[in-house]
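Q: Could you take me through a structure that is new to me, feature by feature, with the general idea wherever there is one and then the case at hand?

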Amino acid sequence: MVEPQRIELTEAESSQASRTYWNSAAAEYLEDHGDFLGDDRFVWGPEGVDEESAQLLGPVRGKRVLEVGCGAAQCARWLVGQGANVVAFDISLEQLRIAQQLDARTGTAVRTVAADATALPYANATFDIVCSAFGALPFVADAGTALREIARTLKPGGLLVFSVTHPFRWTMPDDPSEGGLRIDKPYFDRTPYVEVDDAGTPVYVEHHRTIGDWIRALTESGFAIDDLLEPEWPAGHTLVWGGWGPHRGRYVPGTAIWSARKEDCA
């Protein structure tokens, strides 16, 4: 196996790497995490923040909602069940195929399309709410382009809520045990994490942004930031998922959940 690298990728290379990875890993991802995610549940991250109780989106009944990077559309399916008018997209056709299987299993259908977050196939000022739980935004090379596309499709005053890996977590090894409680990388190194195949072709990428980077990207894209939720690890929660787990979760945040509104310039 080729060791992961820290190398720069273009937007096109990032998109292709994400498409390749999620097409190949979609079924395994659902097998590993499906019990936790559910078929029609809205979970913001490994800490288990659940939209049903957190209400970060507020009332959704009758609202037009877009889910960005929907995967198998579990969150979108929950929103449909709450009476929202939902559409969702993902870069991976295999993820969307699995979403159709979950539609059939639950009896709740979600309107989905294959698309890239940097070029949304939706008209201006279409949605009241845009949401994303670890979807698309950590994987694009230019978050500003994706956020401007989201802003374009939101109505003035519309709400954006999204979760990503907490930027501080990037300073630490991908080790959820007590041995992972150490800093081994500079917080200020934005070089993306990349996995390559035996031929050296990128097949997975995540891009690191600091808290300040996210603030600037949001405000420069026309958003006013409402909140940043850094969920604490719940007592008794034993899940281990990648770098997330109870050992580190007691000391440092693993997830950042941003809430922002499109500014009304009228």
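Q: Where is Thr108 found, and is Thr108 buried or exposed?
A: This is a predicted model, and in it Thr108 sits in the loop between H4 and strand S4 (111-114). The cut-off for buried is under 20% relative accessible area, so Thr108, at 19% relative accessibility, counts as buried.

Q: Which residues is Thr108 in contact with, leaving aside its neighbours within four places in sequence?
A: Thr108 is then in contact with Arg77, Val80 and Asp103.

Q: How should I read Val2, and which residues does Val2 touch beyond those up to four places away in sequence?
A: Val2 is found in the segment before strand S1 (5-6), and with a relative accessible area of 28% this residue is partly exposed. Not counting residues up to four places away in sequence, Val2 touches Val196, Asp197 and Asp198. Val2 and Val196 are 194 residues apart along the chain, yet their C-alpha atoms are separated by 6.6 Å.

Q: How many disulfides does a search of the whole structure find?
A: In general, a disulfide is a covalent bond between the sulfur atoms of two cysteines. In this case the search of the whole structure finds 0 disulfides. Cys70, for one, is in no disulfide, and the nearest cysteine sulfur, which belongs to Cys75, is 9.1 Å away.

Q: How do the axes of helix H1 and helix H4 cross, and which residues make the contact?
A: The axes of helix H1 (residues 11-37) and helix H4 (residues 93-106) come within 7 Å and cross at roughly 35°. From H1 the contact is made by Trp22, Asn23, Ala26, Ala27 and Leu30, while H4 contributes Leu93, Glu94, Gln95, Ile98 and Leu102. Sorted by class, the residues of this contact between H1 and H4 divide into 7 nonpolar, 2 polar and 1 charged.

Q: How many residues of helix H5 are buried, and what do they pack against?
A: Helix H5 (residues 143-153) is mostly covered, with 8 of its 11 residues buried. The buried residues are Ala143, Gly144, Ala146, Leu147, Glu149, Ile150, Ala151 and Thr153. They pack against strand S2 (64-68), strand S5 (127-133), strand S6 (154-165), helix H6 (211-220), strand S9 (223-229) and strand S10 (255-262).

Q: How many cavities of 30 Å³ or more does the structure hold, and which residues line the largest cavity?
A: The general idea is that rolling a probe the size of a water molecule over the atoms shows where empty space is left. Here the structure holds 2 cavities of 30 Å³ or more, and the largest has a volume of about 60 Å³. The largest cavity is lined by Pro138, Val164, Thr165, Pro167, Trp170, His207, His208, Arg209 and Trp214, a lining that divides into 5 nonpolar, 3 polar and 1 charged.

Q: What is the volume of the second largest cavity, and which residues line it?
A: The second largest cavity has a volume of about 30 Å³, and its lining is formed by Arg6, Trp170, Thr171, Pro186, Tyr187, Asp189 and His208. By class, this lining has 3 nonpolar, 2 polar and 2 charged residues.

Note on methods. Residues numbered from 1 in each chain as written. Predicted model: local features only at pLDDT ≥ 70, side-chain atom pairs only at ≥ 80, totals over all residues. Heavy atoms only, no water. 1 Å grid on protein atoms, 1.4 Å probe; cavity = no way out; pocket = protein on both sides within 12 Å on 5 of 7 lines; lining within 4 Å. Points joined across faces, edges and corners; volume = space filled by probe spheres on them. Nonpolar A, V, L, I, M, F, W, Y, C, P; charged D, E, K, R; others polar. Helix = DSSP H or I, 4+ residues; strand = E, 2+ residues; numbered from the N terminus. Buried < 20%, exposed > 50% of the residue type's maximum accessible area, 1.4 Å probe, protein only. Contact = heavy atoms within 4.5 Å. Disulfide = S-S within 2.5 Å. Axes fitted to C-alpha atoms, helices over the stretch in contact; angles between N-to-C directions.
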